[in-house]
Amino acid sequence: MNATEKLIETFASKLRFLEVPIRSEDNKARLELLEAKLPRRLPPSFASLLSQYSFPSFDVAGISLFGWESDSSVYIEEASAPKGSLSELLIPAGYVQIGQPDTGSFDAICFDLNKKCQNREYRIVQVDHEAILCNWRVRVSGELWPSFIKLVEGVLASAQPRVFYEDPNG
């Protein structure tokens with residue numbers, strides 16, 4: 001097990017402790033299907049999470065991450081860049097949406113595949129959804145994390161990490 005896989009395993013354990021129903025599952029084939037639709041492969045840290053675990057949508061460090069469940073996946077739908085979606089413009093512009101702000105905003109939280117970076121650990125940015133809907137252009141409103149690894153390390157280092165899951169059935 002390499003350092004990134006160990007970090008993601010520790011992250012998954014922390015999420016379970018915080019009552020996020022994340023479960024081990026072999027998702028390598030689904031991950032390959034997702035990455036085949038993208039202009040570049042996902043960061044190794046995020047790919048490690050998706051290849052080894054399934055989970056519902058949950059909030060972490062200011063982001064409402066899309067769920068990655070075996071019966072359906074918003075990630076695969078978004079990677080297909082359906083007509084009328086934010087991803088119709090985001091994907092060709094080099095942004096892969098992984099969620100939304102946990103504030104309820106409709107902005108897109110994305111990996112920015114455009115910037116050169118070490119080991120494909122792309123920065124996580126917020127993209128203004130109104131600029132896409134009103135002006136048909138991608139406008140990054142800010143960087144949230146320099147990488148998914150930094151987000152995970154921040155959660156693991158925090159005594160009170162910003163993680164929240166609400167059971168839709170409870």
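The exercises below, each with a worked solution, concern one predicted model.

Because the model is predicted, local features need pLDDT of at least 70 and side-chain atom pairs count only at pLDDT 80 or more, while totals for chains, interfaces and linings use all residues. Residues are numbered from 1 along each chain as its sequence is written, and side-chain values use heavy atoms, with hydrogens and water left out.

**Exercise 1. Describe the surroundings of serine 54.**

Begin with the secondary structure: serine 54 belongs to strand 2, residues 53-54, where strands (E, at least two residues) and helices (H or I, at least four) are DSSP runs numbered from the N terminus. Next, take accessibility: serine 54 counts as buried because its relative accessibility is 0% (buried is under 20% relative accessible area, exposed over 50%, partly exposed in between, with a 1.4 Å probe and protein chains only). Then turn to the polar contacts (a pair of N or O atoms within 3.5 Å; within protein, one must be able to donate a hydrogen and the other to accept it, and residues adjacent in sequence count only if both atoms are side-chain atoms). The serine 54 side chain makes one with the side chain of glutamate 25 at 2.7 Å, and another, of 3.1 Å, with that of asparagine 27. Finally, leaving aside neighbours within four places in sequence, the residues in contact with serine 54 (heavy atoms within 4.5 Å) include Pro21, Ile22, Arg30 and Trp68.

**Exercise 2. Work out how helix 2 and helix 3 pack.**

Two packed helices are described by the angle between their axes and the distance between the axes. Helix 2 (residues 28-36) packs on helix 3 (residues 44-52) at an angle of about 135°, and the axes are 7 Å apart; axes are lines fitted to C-alpha atoms, for helices over the stretch in contact, and angles run from 0 to 180 degrees between N-to-C directions. Helix 2 and helix 3 are therefore oblique to each other (under 35 degrees is roughly parallel, over 145 roughly antiparallel, 65 to 115 roughly perpendicular, the rest oblique). As for the residues, Lys28, Leu31, Leu34 and Glu35 of helix 2 meet Ala47, Leu50 and Ser51 of helix 3.
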